Amino acid sequence: MENKQKKIKEVGILPNASFVPFPYLLMPMMVREENQVQLVQEVISKKRELSLFATKSHKKKPGFDNLYSMGVLGKLARFSRMADNSIR
């Protein structure tokens, strides 16, 4: 029996209350919160992936207990930096 090691990646988590992400779905999104803008800028600069999770409630602050347990691994296809420092 061949011993195959699974590769584990560390990726950032981008919570989202405005849509539920699905695999192979290309969709526009706006990132305004400073910590999320920093995550997206890091993903852009290093050409990395990020994970997208829908939030259970948009009224609560994002945290692991407010995220659904299933998310998707995503890539940024295109982006624009806006004048107010948000990313679209």
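Mentor: Two residues are said to be in contact when heavy atoms of theirs lie within 4.5 Å. Keep that in mind as we read this model, which is predicted, with an average pLDDT of 84 over the protein and 95% of the residues scoring at least 70.

Trainee: Which elements of the protein have the lowest and the highest mean pLDDT?

Mentor: Among the elements, β1 has the lowest mean, 87, while β2 has the highest, 90.

Trainee: How many residues does helix α1 have, and what does it reach from its first C-alpha to its last?

Mentor: Helix α1 runs over residues 34-46, which makes 13 residues, and it reaches 18 Å between those two C-alpha atoms, close to the 18 Å expected at 1.5 Å a residue. After the helix comes Lys-47, whose phi is positive, near 50°.

Trainee: Which residues of α1 are buried?

Mentor: The general idea is that an α-helix has 3.6 residues a turn, so residues three or four places apart point the same way. In α1 the buried residues are Gln-36, Val-37, Leu-39, Val-40, Val-43 and Ile-44. They cover an arc of only 160° around the axis, which puts them on the same side of α1. On the face turned away from that buried side you will find the exposed residues Asn-35, Ser-45 and Lys-46.

Trainee: What covers the buried residues of α1?

Mentor: The cover includes β1, residues 12-16, and β2, residues 50-54.

Trainee: In what order do the strands form the sheet?

Mentor: In general, strands of a sheet pair through backbone hydrogen bonds, either parallel or antiparallel. Here 3 strands form an open sheet in the order β1-β2-β3, and the pairing is mixed. The edge strands are β1 and β3 (72-74), each of which pairs on one side only, and the twist averages 35° from one strand to the next. Strands β2 and β3 run antiparallel and are joined by 3 bridges; Leu-52 stands opposite Val-72 in β3. Helix α1 packs on this sheet, touching β1 and β2, and its direction makes about 130° with that of β1.

Trainee: Is Glu-49 buried or exposed?

Mentor: To decide, compare the relative accessible area with the cut-off, since buried means under 20%. Glu-49 has a relative accessible area of 19%, so it counts as buried. This residue lies in the loop between α1 and β2.

Trainee: Which residues does Glu-49 touch?

Mentor: Leaving aside residues up to four places away in sequence, Glu-49 touches Lys-9, Val-11, Val-43, Leu-73, Gly-74 and Lys-75.

Key:
Residues numbered from 1 in each chain as written. Predicted model: local features only at pLDDT ≥ 70, side-chain atom pairs only at ≥ 80, totals over all residues. Heavy atoms only, no water. Helix = DSSP H or I, 4+ residues; strand = E, 2+ residues; numbered from the N terminus. Expected span 1.5 Å × (residues − 1). Buried < 20%, exposed > 50% of the residue type's maximum accessible area, 1.4 Å probe, protein only. Arc of directions from axis to C-beta. pLDDT = per-residue confidence, 0-100. Pairing = 2+ DSSP bridges. Axes fitted to C-alpha atoms, helices over the stretch in contact; angles between N-to-C directions.
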